[in-house]
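Welcome! Let's take a walk through this structure together, starting with the whole chain and then stopping at a few of its parts.

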Amino acid sequence: MKVAIIGAGVSGLSCAIELERHGITPVIFEKTKMLGDKPGYLVATLRLFHRSLRSPMSFLKSKYDINLSPLHPIKEITMTTPNKTVSTKANHGYIFSKGIEENSVEHQLAAHLDSPVMFDTDIKIQDIKKDYAHIVVATGDNKIADDLNLWNTTFAAKCRIAAVTGSFDIHALKLWLNKSFANNGYAYLLVKSICEAEIILAVSDIAMNKLDYYWNEFLIAENIKYPVIKQHDIDHMVGYPSTNQFENIYFIGNCGGMMDDFLGFGMLRAIESGILAARAIVNKLDYNKLLTPFKKELKSLTEYRKLLNVLTNKDYDMDMSMIGLPVLKHMIYNNPLYKAKYGVLVPKVFTYFKKKNHMFTLPKR
Ligand SMILES: Cc1cc2nc3c(=O)[nH]c(=O)nc-3n(C[C@H](O)[C@H](O)[C@H](O)COP(=O)(O)OP(=O)(O)OC[C@H]3O[C@@H](n4cnc5c(N)ncnc54)[C@H](O)[C@@H]3O)c2cc1C
């Protein structure tokens, strides 16, 4: 069976691993010159975003026989709104690196793989559509789904990723919610080592040439003075395809709608969606059906995003007890039940704000 995978990123490599295990050697096309050869970034996996209570490492090992090592665990999350800061200490999750480095997720996944990657090959679907029984789209963006009129955007932002130097606690993650410098977006800091961290600012509803302005507002508001070693800006588009299987084309990872629109996280779902696409191909299963639990989980986070969109800075501060860490905590500490309980919580919070006469401007869905 001839299978092509477009993109040798997190989801594409995971799909290839599972295909190989079923005796299929896929052809993997990758537009960069080598694995992870583009500006990398740190990736956090947070327990509150994942169905599994176990660590992502033991989860991936026991469920999919995939070995992945993090840089370090996250033991404290600090959330800052314009005038309030709340911290929680717990086993919150792990930090991984993505990109060209030897210990990046891409390189760790590739270590499981024998299939060669055809680098420096920027593939369009029409170039290969007739040559393969199945095509897996793992490009990390919405381009192909958009060209096929399948894409729906739920959150769009301009994003700055800046590596900074300083003195850091490797176990800490900082998160900022403030409409003044992020609109409906957010900023967070992930720590790479005791002397290096990465700050990500995602600002919704702006043009790219306005990002400098919002970045400076953020630095001033939060009194951040770390020297920046390098930075790059990207278009950050979150959404989902109307179907994850269209004719012989499978959408996985980010292009399969696996990134949440609360904080733009989706690495574990990218891995799982790749593996499940391989299983759907091998066993002739309904791929959309296999993704049902992920879609439910993502829908909960979309509800949370909708809630954040209608709040003001005053709400962020005043109602932190309702929308801030306690809700997140609730999801963390009641994780096995979180889907059921969270499902009840969100409409309650919505009703509360409706009573306060907030305008509802929900994103297109
Ligand atoms: C700034 C940022 C921060 C993030 N932080 C987190 C986080 O903290 N936690 C988390 O869980 N998730 C995070 N995510 C999301 C997470 O990184 C993604 O969900 C995950 O990496 C998606 O994997 P993917 O396989 O879909 O895409 P990628 O891993 O990006 O892989 C796509 C690959 O396809 C290649 N490609 C693209 N087009 C073509 C083409 N036409 N032909 C051939 N090759 C092509 C690309 O070069 C790339 O190698 C973040 C995302 C961004 C953008």
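**A guided tour of the chain**

In this predicted model, residues 24 or more positions apart account for 73% of the contacts in the protein chain with a separation of 6 or more. The chain has 365 residues, and 41% of them count as buried.

Let's begin with helix α8, residues 267-283. How far apart are the end C-alpha atoms of α8? They are 24 Å apart, and this agrees with expectation because 17 residues at 1.5 Å a residue should span 24 Å. Helix α8 is also mostly covered, with 14 of its 17 residues buried. Just beyond the helix, look for lysine 284, which takes a positive phi of about 55 degrees.

Now bring in a partner for α8. Two packed helices are described by the angle between their axes and the distance between those axes. For helix α1 (residues 10-21) and α8, the axes come within 7 Å and cross at roughly 35 degrees. The crossing of α1 past α8 is right-handed. On the α1 side, the residues that meet α8 include Val10, Ser14, Cys15 and Leu19; on the α8 side, those that meet α1 include Met267, Ile271, Ile275 and Ala278. Taken together, the residues of this contact divide into 9 nonpolar, 5 polar and 2 charged.

Another helix to visit is α10, which covers residues 292-310. From the first C-alpha to the last, its 19 residues reach 28 Å, close to the 27 Å expected at 1.5 Å a residue. Which residues of α10 are buried? They are Phe294, Leu298, Leu301, Thr302, Tyr304 and Leu307.

Finally, turn to the strands, with β4 (residues 72-81) as your guide. A hairpin of 2 residues carries the chain from β4 into β5, and β5 covers residues 84-98. These two strands run antiparallel and are joined by 9 bridges.

Conventions: Residues are numbered from 1 along each chain as its sequence is written. This is a predicted model: local features need pLDDT of at least 70, side-chain atom pairs count only at pLDDT 80 or more; totals for chains, interfaces and linings use all residues. A residue is buried if 20 or more other C-beta atoms lie within 10 Å of its own, exposed if 12 or fewer, and partly exposed in between; C-beta atoms are placed from the backbone. Two residues are in contact if their C-beta atoms, placed from the backbone, lie within 7 Å. Axes are lines fitted to C-alpha atoms, for helices over the stretch in contact, and angles run from 0 to 180 degrees between N-to-C directions. Helices (H or I, at least four residues) and strands (E, at least two) are DSSP runs, numbered from the N terminus. A crossing is left-handed if the near helix is turned anticlockwise from the far one by less than a right angle, and right-handed if clockwise. Ala, Val, Leu, Ile, Met, Phe, Trp, Tyr, Cys and Pro count as nonpolar, Asp, Glu, Lys and Arg as charged, and the others, Gly among them, as polar. The expected span of a helix is 1.5 Å times one less than its number of residues. Two strands pair if DSSP finds at least two bridges between them.
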